[in-house]
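I opened a new structure today and kept notes as I went. These are my entries, in the order I looked things up.

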Amino acid sequence: MTLLCLRVHRSAGVSAAPIPAILTQSDLLGSHLDLAAEMIHSLFLINHSGDIFLEKHWKSVIGRSVCDYFFEAKEKAVDPENVAPVLQTPHHYLISIYRGKLFFLSVIQTEVPPLFVIEFLHRVADTIQDYFGECSEGIIKDNVVTVYELLEEMLDNGFPLATESNVLKEMIRPPTILRTVVNTLTGGSNVGDTLPTGQLSSVPWRRAGVKYTNNEAYFDVIEEIDAILDKSGTTVFAEIQGVVEACVRLTGMPDLTLSFMNPRLLDDVSFHPCVRFKRWESERVLSFIPPDGNFTLMNYHVSTQNLVAIPVWVKQSISFFETGPCGRLDITVGPKQTMGKTVESLKVSIHMPKTVVSANLTATQGNYTYDLATKVLVWDIGKLNPQKLPNLRGSVSTQTGAPKPEDNPSLNIDLKIQQLAISGLKVSRLDMYGEKYKPFKGVKYLTKAGKFQVRT
């Protein structure tokens, strides 16, 4: 029996293994899942402004009016990321993700495990990103024929079939300018004539006969900090979401082993199907035959709060006066636990109360903008200089006669730190077996802010 494993959506706070690269009808028939229930009927792609610009139906055609329930939820949410991923309507379930300022909205007619659908939607977004370099409305519209061909192969009669990028690229060739011109003149398509070799292999994520002049394997360890700090700077909540992205271009059928210096700090780890899970359980090393090209090797979670270093401190004072249409703002940001690395792309965003009409501020570093329509104040600092801490201060004006705001707004912090994994995770070594050549190897680290909030 084939068990269907799922990657958990990051908002759920748990983790499991990803779905297999290939799911055949026999796999699904061999499980105890109800086939009638495990079916995705339709997919709608919706842009940031709420326009449906692409739709795909696998069973019956479902009218666009079903999306009205989603639009209602979107209007109620403060941010697009806060839209509930699962919505129940009288006749359908709506399951969605938000990627690259786009909503991927699936329509289900009967109850299904939501993570099953969420994982598939992430695979669709990942595949579009891999094929065309980015996942955006413009790119999808420019390559709409190829996108429809991909959706046809990725979902068969409502069931995930081929979701691995290497397999898809053998079936549907990525578009190039020359291929597009030839197809236009000859009426051809990007769909291949033969079955991918990976689908007949015990290693379906890797195509056969891979050859490279330069053999290389690069890994990016990327961590996002989700944190809430109170007014005094004390950490109320903190956790790290991490991912190891790989770019492997190696000849033949290499067998890789990746080991870490401190793997015990990782919680809730989920892997690409290529990873041998028993080896991880017993030795805490990653042993795998890699896919060819770019792929996500693993996702992990660090939830022990005392292991999460907070990279910056924020001293802030925001106050509104009882009398008079104005208030005061004073914010200073400085480095905290950066392990000697430089904080870059530092940005502070504040959702001001609706009564605020303007801001007259002075920034010692960077520049600020205040959007009157969205009521968002953005202070773009850039690179943080520990010798001269950036400060933003001045006054804000409110509507005449408006009451004093009940609550002070929170600060949202965005930042990046190159060559640092804030959890302390480090790659110890990478070994290769099965091939005789010596590949180029490299590891990069990046820390960035996820949902990083400072309360005032």
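The entries below run from confidence and overall make-up to single residues.

**Ground rules.** I am reading a predicted model, in which local features need pLDDT of at least 70, side-chain atom pairs count only at pLDDT 80 or more, and totals for chains, interfaces and linings use all residues. Residues are numbered from 1 along each chain as its sequence is written, and side-chain values use heavy atoms, with hydrogens and water left out.

**Confidence.** I checked pLDDT, the predictor's confidence in each residue from 0 to 100. The chain averages 84, and 85% of the residues score at least 70. Over residues 1-37 the value is below 50, yet this stretch has 86 contacts in the model beyond near neighbours in sequence. A contact means heavy atoms within 4.5 Å. Where pLDDT is low, the predicted coordinates should not be read in detail.

**Overall make-up.** I found 8 helices and 23 strands in the chain. These are DSSP runs numbered from the N terminus: helices are H or I with at least four residues, strands are E with at least two. Of the 456 residues, 48% count as buried. Buried means under 20% relative accessible area, exposed means over 50%, and partly exposed is in between (1.4 Å probe, protein chains only). I also looked at contacts between residues at least 6 apart in sequence: 70% of them join residues at least 24 apart.

**Cores.** Which residues touch the most other members of the largest nonpolar core? They are Phe-219, Leu-286, Phe-288, Leu-297 and Phe-452, in a core of 71 residues. Such a core is a set of buried Ala, Val, Leu, Ile, Met, Phe, Trp, Tyr and Cys residues joined through side-chain atoms within 4.5 Å. Strand S8 (residues 216-229) gives the most to this core, with 6 residues. I then took Phe-288 by itself. A second, separate core of 35 residues includes Leu-43, Phe-53, Leu-54 and Cys-135.

**Helix H2.** In helix H2 (residues 68-76), I noted Phe-70, Phe-71 and Ala-73 as buried. Seen down the axis of H2, the buried residues fall within an arc of 160°, so they line one face of the helix. The arc is that of the directions from the helix axis to the C-beta atoms. Glu-75 and Lys-76 are exposed on the other side of H2. What do the buried residues of H2 pack against? Their partners are strands S1 (42-47), S2 (52-57), S3 (86-88), S4 (93-99) and S5 (102-108).

**Aromatic rings.** I found 6 aromatic pairs in the structure. Rings of Phe, Tyr and Trp (its six-membered ring) pair if their centres lie within 6.5 Å; planes under 30 degrees apart count as stacked, over 60 as edge-to-face and the rest as tilted. The rings of Tyr-98 and Phe-103 have centres 4.6 Å apart and planes at 45°, so this pair is tilted. Tyr-98 is partly exposed, at 21% relative accessible area, whereas Phe-103 is buried at 1%. Phe-70, Phe-71, Tyr-98 and Phe-103 form one aromatic cluster.

**Cysteines.** I searched the whole structure for disulfides and got 0. The test was a pair of cysteine sulfur atoms within 2.5 Å. Cys-135 is buried at 11% relative accessibility, and Cys-247 is buried at 17%.

**Thr-355.** My last stop was a loop residue. Thr-355 sits between strand S16 (343-351) and strand S17 (356-363). Thr-355 is buried, with a relative accessible area of 17%. Beyond residues up to four places away in sequence, Thr-355 touches Ser-397, Thr-398, Gln-399, Ala-402 and Pro-405.
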